[in-house]
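My notes follow the model.

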Amino acid sequence: MSQLNRESELAILYEIASISRHLRDRETIQDLTLEKATRLLGAEIAVLYLTATSDTQLHACAARGIRLKKVSSVLVPVSPTLNLGQQLLVWTACHSTPFPVPVLPAEYPVQAALGIPIKRGTSLLGWLYVAILKRAAFDPRVVVLYDVLADQVSSTLETTLAWEQARQQQLMLAEANQRLEQALSAVHEAYVRQEQLLQTIQDLSVPVLPIGDQALLVPLIGYIDSQRAQQIQTTMLAAVGQQHPRCVILDMTGVALLDPTVAQMLLATARSARLLGAQVIVCGVTPRVAEVIIALDSDLTITTVSDLRAAMRLALLRR
Amino acid sequence: MTILAGSGSSQHTDAYQAGQEAAAGALAALASHTPQLVIVFTTEHYDHATALQGIRASTGTVPLIGCCTGGLITAQGILERGVAALALCGDDLEVALALEPDLSTRPAQAAQSVAEQLEDYLAPLSSPRHSTALIFTDGLTGALAMDTAIHHVATIFGPFCPLIGGAAGDNLQYHQTSLFVNERILGDSIALALLTTAAPIGIGVRHGWQPIGQPCVITRSMANVIYELDGRPALEVYRSLFPHSELTLENFREFTRYHPIGFPQATGEFLVRLPMQANADGSIVCVGMLPEYAVMYIMQGDPVSLLTAAEAAAQQAMTALQGVPVAAAIVIDCVTRPPLLGTRTADEIDHIRAIVGVETPIIGMYSFGEIAADTGPVCFHNKTVVVGVIGKH
């Protein structure tokens, strides 16, 4: 270091300051920190500790000149006797006590070591340990350069961490959006499937079956409400309009009960079919349904027969 | 215990004969002792498999490590063509070897793998013995990957196992090169020999280049390519620093041998990088990784500064032995230093030998990059001389 002149010192400072240009990712900052600490500033061993987001401990994350598995993996930054964030530790083998932080195995004959806090304001982001074995001590000017390095690393690290955090949030947001889109897509697919199913059910609930080319059979089964009665009307009249049958058999064998409104609608449907030129034959009317229809006091001008067989026979006769 | 060493070389045109003669010369100094390691350097003129057969005809299955080089440094002088060998033995000397391919495509994994194969052989810190690793890499395909590989090996071996070695090459034809471990011969690979002994080992590293002129800032670069200096195309700026020279894309490589670039380091030494190639887009390709957004200088050297550096490297290595006599010396010298040294090329080796001992068995290579630690961590160097000495006891 005795040969290091002011111009070279400034050049080294420039190179150290350039770390702030490397806002890529945490790994790059770690590599650069250790590269500058060793190749540029001459440490034979360098270990970088960083705080994790989950706790306040310092975790060894990268090392040069020694395997990471050989150094203390975790350091507690504040102990009753030492606060690693408070000051730069300068130590040489001349001290009567060992380096206050047990980073390396005790048998390592370190000649001099530095412990440099990497902090922004009062928050400790990390801690850099550097050691030499071939020389007796770090030159005081180099100690200052390490301090500048730590300062540059801290500002770069802070920005990089914030950037990584923002990127992480963006990723999470993008993932949430994707999940939402997938959920919406699934809902839409379910809706489409349900619509198709409903359509199928509706189609099945009002089957209109051609009997030969002159008659249609509309078998009604189950409970009929106003909505279904409307559908029966629409479907049946559409079929009559398209196929022009002479006769439509409305088979009510499967209808156990009918409310007056619905009965009225069905009678209206039958009359409408007549207007379209088709005779309506109602069959299979149960006594209870017959009571409802009679109670309507409506003009019952439709043909009724007892069962489907009779209705078929009648329909064939009218061909 | 005493470490014994012997070196030999041959310029025989027949590869087998050259290998056999070099090995015989190395073994002769060991008398009846069995070698425990043979270090072999060759030049591109030989069929390496045949040369190794010749060597192993003499040494048998003794562990062997080495590579093809840009030239040989031997007790017989500098050889542009030949085979050189250094044999080592010692009661407490232990040797383990490993070779791993794919240096250029997966440098971190290749380096980790090759080092982990030897990790269990490292001397424990509590032991009076210590380990040193010889490291050789492909300097033609792996120049970009070298820094990555070296730092991974150094991290696994730790600071108590110094690395010394270099990048294999050819006679500046930049075609292909080979690494040897025992009978295996591979290109694009990394080879390690772990030596463990109680004998001290000293290493010295110097280049002798000094900065000239005003500094420039690398404002745009990637890996080993400089795109912009001071915000302008790199080649344009480099050219402007030599207004009286006719610097073209064609003569760029030859010109930059005399004018590498350097980066100030806190240890006081400059990290030197050799610009190898200029591209039509104005970019400059260097040997080895470049620090981004760093201040660089054009470096200048002359025969005197390079010779002084070689002496300093040898002295540094010898100082580390603390008075222990030298058993053997290994020299890793950049292949682009002789063009500047010119007629004084041989002086560089003579100066080194004068310090490590002219009778000391010696082997050396002209390399495409040098690997060693100065006072700081191990680095990949350019245009540098590395001297390693092994103590006798």
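The model is predicted, so I kept its limits in view: local features need pLDDT of at least 70, side-chain atom pairs count only at pLDDT 80 or more, and totals for chains, interfaces and linings use all residues. Residues are numbered from 1 along each chain as its sequence is written, chains are lettered from A in the order in which they are written, and side-chain values use heavy atoms, without hydrogens and water.

**Cavities.** I took a cavity as a set of points, on a 1 Å grid over the protein atoms alone, where a 1.4 Å probe fits but cannot get out; lining residues have an atom within 4 Å of a point. Grid points are joined across faces, edges and corners, and a volume is the space filled by probe spheres set on the points. I found two cavities of 30 Å³ or more.

**Largest cavity.** I noted a volume of about 200 Å³ for the largest cavity. It is lined by 19 residues, and Thr267(B), Glu269(B), Asp374(B), Cys379(B) and His381(B) are the closest to its centre. At least two lining residues each come from helix 2 (26–40) of chain A and from strands 13 (201–206), 18 (270–273), 24 (370–373) and 25 (378–381) of chain B. I counted seven nonpolar, eight polar and four charged residues in this lining. Here Ala, Val, Leu, Ile, Met, Phe, Trp, Tyr, Cys and Pro are nonpolar, Asp, Glu, Lys and Arg charged, and the others, Gly among them, polar.

Where does the largest cavity lie relative to the domains of chain B? It lies between domain 1 (4–205 + 306–391) and domain 2 (210–300), because both give residues to its lining. Domain bounds come from an automatic or database domain assignment.

**Second largest cavity.** I noted about 60 Å³ for this one. Its lining includes Thr132(B), Leu134(B), Ile164(B) and Gly388(B). Strand 26 of chain B gives the largest share, three residues, and strand 8 (130–138) of chain B supplies at least two. The lining has seven nonpolar residues, two polar and no charged.

**Chain A domains.** I looked up domain 1 (6–170) and domain 2 (209–317) of chain A. Their C-alpha centres lie 92 Å apart.

Notes. 1 Å grid on protein atoms, 1.4 Å probe; cavity = no way out; pocket = protein on both sides within 12 Å on 5 of 7 lines; lining within 4 Å. Helix = DSSP H or I, 4+ residues; strand = E, 2+ residues; numbered from the N terminus.
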